Amino acid sequence: MLWSSPRTAIRRALESVLAPQLLIVELDNARRVDTAFIGRLKAAKFETVPVVVISNLLDPETVGALVRLRVDDFLSSDCTIGEFHKACQHALKQHARETPGRATSCYSFFPVSGGCGNTTLAIQSAFLIGRRNGMSNVCLVDLNLQDGAVADYLDLAPSFRIDEVASSPARLDRQLLDVMLSRHSSGLSVLAAPRCPARHINVSAETVALVLGLLSQSFSTIVVDLPKTWHAWTENVVWGSNRVFIVSSFTVPALRQARAVSEAIAGVAGADAAVSVIVNRYHESLFGGGLQKKDAERALGDSLAGFIPDLGNVVLEAINRGLPLSAIYTRDVQDERRRSARLARRCPQTASRTPSQPYRRPPAMELEKASRPVKGLGAGEGRAGPAGKGDTEDPRAASWGGVRKGLDV
Ligand SMILES: Nc1ncnc2c1ncn2[C@@H]1O[C@H](COP(=O)(O)OP(=O)(O)OP(=O)(O)O)[C@@H](O)[C@H]1O
Ligand SMILES: [Mg+2]
């Protein structure tokens with residue numbers, strides 16, 4: 001916001017119910033009356049807003065007045081863009097440090113490929129943070145503005161009228177945005193737009209910044225589900241995030257892409273922001289071959305945040321019931337899965353069994369079949385495999401060797 005006269009600034013500020021994240025005031029031939037206006041502005045509406053002043057006249061009297069007013073920074077009008085940018089960043093950071101209780105944390109999730117689990121992990125993270133910090137302090141924002149799935153996954157009615165907001169952003173304020181939020185029964189707030197297939201909505205970076213800025217006044221944590229496509233506003237969202245999680249599936253192409261994406265995003269993220277990769281749907285091969293954890297660790301190095309196991313139908317069940325994963329994936333289910341994984345190692349036919357299906361000991365015939373060597377795999381490559389129909393043509397078995405080689409780039 002660049003205002004040319006402090007008086008206009010005051011008038012606009014008093015008319016507006018919004019407090020900006022940063023106030024930049026340009027003084028043209030600063031006079032005492034102008035600096036006094038800044039003082040009144042700070043005392044009235046902008047007590048908690050950092051202020052940066054640009055002036056073509058920085059004589060000792062003006063500088064003294066600005067110092068007394070405790071503005072966050074002042075620059076001469078002939079400053080470079082770089083100096084201006086640095087001053088704004090410094091003022092914002094200083095302000096966030098001084099008012100830690102008010103600072104909003106923003107966690108963004110960026111998918112490496114379609115269907116890699118970005119939405120699932122964003123939802124689950126919002127619930128985990130909410131459980132720790134209070135659900136009412138967390139807002140989950142679905143920025144897949146045309147085909148977002150967050151509302152569906154949580155069985156909510158999406159109410160964010162992005163088309164209206166995009167066409168008249170000036171109308172948007174906290175009250176209006178509040179009406180556009182959906183509330184999950186847990187207390188979590190969700191900002192999600194209704195699906196609008198076969199239509200293009202042009203949303204500017206300013207509109208998205210305004211929405212997130214308003215949300216940051218009401219919530220201490222914002223979790224953002226970003227789309228894979230890079231929009232005009234994506235860089236801004238990334239820049240404003242404290243943490244960016246790049247979500248990758250556990251495949252060679254996805255891991256390669258994740259490495260490239262994390263480097264690119266680290267380049268546009270804020271200096272203090274952490275950018276890391278979560279490898280989702282990680283699963284160990286029953287036979288110890290194929291893509292392994294250490295391959296991903298080697299490929300991603302320090303940018304690896306961790307692995308989320310393939311939870312099979314547990315996630316689908318959560319989605320179909322509109323519940324967070326944690327409501328389905330209870331300790332009992334985890335114990336059951338561990339038990340089942342142990343059994344599956346001994347008896348691969350049971351590997352695809354879901355936790356909701358009670359374990360039934362396979363008949364002796366099947367156990368015998370399972371322990372036969374898999375045709376097509378040489379000695380030592382695998383002792384057992386999916387028996388029966390697929391035992392000669394398991395497509396995974398055929399590609400495992402190539403997969404591992406492929407990752408050693
Ligand atoms: N850890 C997991 N274990 C098992 N299934 C998972 C896991 N994570 C995600 N899924 C499943 O993967 C599918 C895609 O998940 P999700 O919609 O979260 O991905 P996305 O990256 O947001 O996809 P899109 O590109 O459509 O936005 C869902 O059916 C979900 O159930
Ligand atoms: Mg998604």
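## Strand S9 and its neighbours

Start with Tyr107, which stands opposite Val223 in S9. This is a predicted model, so read the contacts below as features of a prediction. Strand S5 covers residues 105–111 and runs parallel to S9, with 5 bridges joining the two.

S9 also pairs with strand S6, which spans residues 138–142. Here too the strands run parallel, and 5 bridges join them. Over on this side, look for Asp142: Asp225 in S9 is the residue it stands opposite.

## How covered is S9?

S9 itself takes in residues 221–225 and is mostly covered, with 5 of its 5 residues buried. Which way do the residues of S9 point? Thr221, Val223 and Asp225 go one way, while Ile222 and Val224 go the other. Whichever way they point, all of them are buried. That includes Val223, the one facing Tyr107, and Asp225, the one facing Asp142.

## The aromatic side of things

Switching topic, the structure holds 4 aromatic pairs. One of them brings Tyr282 and Phe307 together in a tilted arrangement, with 5.1 Å from centre to centre and 55° between the planes. That pair links distant parts of the chain: Tyr282 belongs to strand S11 (residues 274–282) and Phe307 to strand S12 (residues 304–309), and the two residues are 25 apart.

Are Tyr282 and Phe307 buried or exposed? Both are buried.

Terms used: Residues are numbered from 1 along each chain as its sequence is written. Chains are lettered from A and ligands numbered from 1 in the order in which they are written. This is a predicted model: local features need pLDDT of at least 70, side-chain atom pairs count only at pLDDT 80 or more; totals for chains, interfaces and linings use all residues. Side-chain values use heavy atoms; hydrogens and water are left out. Rings of Phe, Tyr and Trp (its six-membered ring) pair if their centres lie within 6.5 Å; planes under 30 degrees apart count as stacked, over 60 as edge-to-face and the rest as tilted. Helices (H or I, at least four residues) and strands (E, at least two) are DSSP runs, numbered from the N terminus. Buried means under 20% relative accessible area, exposed over 50%, partly exposed in between (1.4 Å probe, protein chains only). Two strands pair if DSSP finds at least two bridges between them.
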